Amino acid sequence: MAAAGEGAKKIIIDTDPGIDDAMAIFLALRSPEVEVIGLTTIYGNVYTTLATRNALHLLEVADRTDIPVAEGSHVTITKGTRLSVVDFVHGADGFGNQNFPPPEGKPIDISAPNFLIEQANLYPGKVTVVALGPLTNIALAIQQDPSFAKNIGQIVLLGGAFAVNGNTNPAAEANIFGDPDAADIVFTSGADILAVGINVTHQVVLTDADRDKLASSTGKFAQFLSKILGVYFDYHREAYNTKGVYLHDPTAMIAAINPSLVTYTEGAVRVQTNGITKGLTLLYNKQKRFAEITEWTDQPSVKVAVTVDAPAVVKLVMERLMD
Ligand SMILES: O=c1[nH]cnc2c1ncn2[C@@H]1O[C@H](CO)[C@@H](O)[C@H]1O
């Protein structure tokens, strides 16, 4: 296994595993550019309790039980309990209905938001959060610690559909739809944010042929992923008619590992929190100075990914997962 390189970027992965989360987590563990200092869990692809169990399971597969898992929120930032959980994308167990035995490990005794705050204070400006699910934990950290947005190095998040249709409905991408109020808190927090939306990740496709290649590898990560990928491929064939799957979470992870593979623009992002466009992400490019004072006035700029070197991302993902 690749050890974290000298001067590797410390990352915390906030995750709802999830098939593409599993790929992204394994990818990070095989990438010397980053050092995974913890996983925090959230609902999204599955409920939070199962996300914690799956995160622990992945670390056991990877022989990395030294990495702590902190359990996150079971409800939205507005205490909503009617969660949008997508078992039809990942299977009821989040791992392609493989029903693995429960993990032996347990989460640590501190909540995800508190773990995020603790690590940001311990290494000010040095920790990157790679957020792969709804943004509840990050928003709670921002609310609980007014210096979190300043202390956290960067937040690289998989979320949003910038100037394209969503994947939950025409307006919204799944992670933002999962907790739009939390997402709006994060985008307007002043933290250094890079948002990787499905306008970018839909360009990054793992094909049926790539999957066959992965299955032929004897590597433990490739073997595990080959077992769980079936449901994710079936869903894409059904929903999009594609012969392959979108690499959402791995692409966001690559944006943290090798930022040169994406380009971005900057502006203020706000999130619609209700109505038929609930979960819509809108980027204001600050080209025009509006006379009227509104909810957009003086909002901080964030980075929003616009292009990706898709072949390079797929190549890197394949190389490292087959290693
Ligand atoms: O069609 C979909 N509906 C809901 N969630 C999805 C779909 N496809 C992928 N994901 C999940 O949501 C995030 C990307 O929006 C990814 O984490 C992916 O696992």
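Helices here are DSSP runs of H or I with at least four residues, strands are E runs of at least two, and both are numbered from the N terminus. What you're looking at is a predicted model, where local features need pLDDT of at least 70, side-chain atom pairs count only at pLDDT 80 or more, and totals for chains, interfaces and linings use all residues. Residues are numbered from 1 along each chain as its sequence is written, and side-chain values use heavy atoms, with hydrogens and water left out.

Let's start with confidence. pLDDT is the predictor's confidence in each residue, from 0 to 100. The protein chain averages 97, and 99% of the residues score at least 70. The model's ipTM is 0.97 and its pTM is 0.98.

| Element | Residues | Mean pLDDT |
|---|---|---|
| Helix H3 (lowest) | 87-90 | 94 |
| Strand E3 (highest) | 69-70 | 99 |

Over residues 11-314, the chain is 38% helix and 18% strand, with its end C-alpha atoms 21 Å apart.

Now for helix H1, residues 19-29. Eleven of its eleven residues are buried, so helix H1 is largely enclosed by the rest of the structure. Buried means under 20% relative accessible area (exposed is over 50%, partly exposed in between; 1.4 Å probe, protein chains only). Among the buried residues of H1 are Asp20, Met23 and Phe26.

Leucine 158 sits in strand E5, residues 154-158. Leucine 158 counts as buried because its relative accessibility is 5%. Neighbours within four places in sequence aside, its contacts (heavy atoms within 4.5 Å) include Ala131, Val196 and His248. Proline 68 is 90 residues from leucine 158 in sequence and 22 Å away in space, C-alpha to C-alpha.
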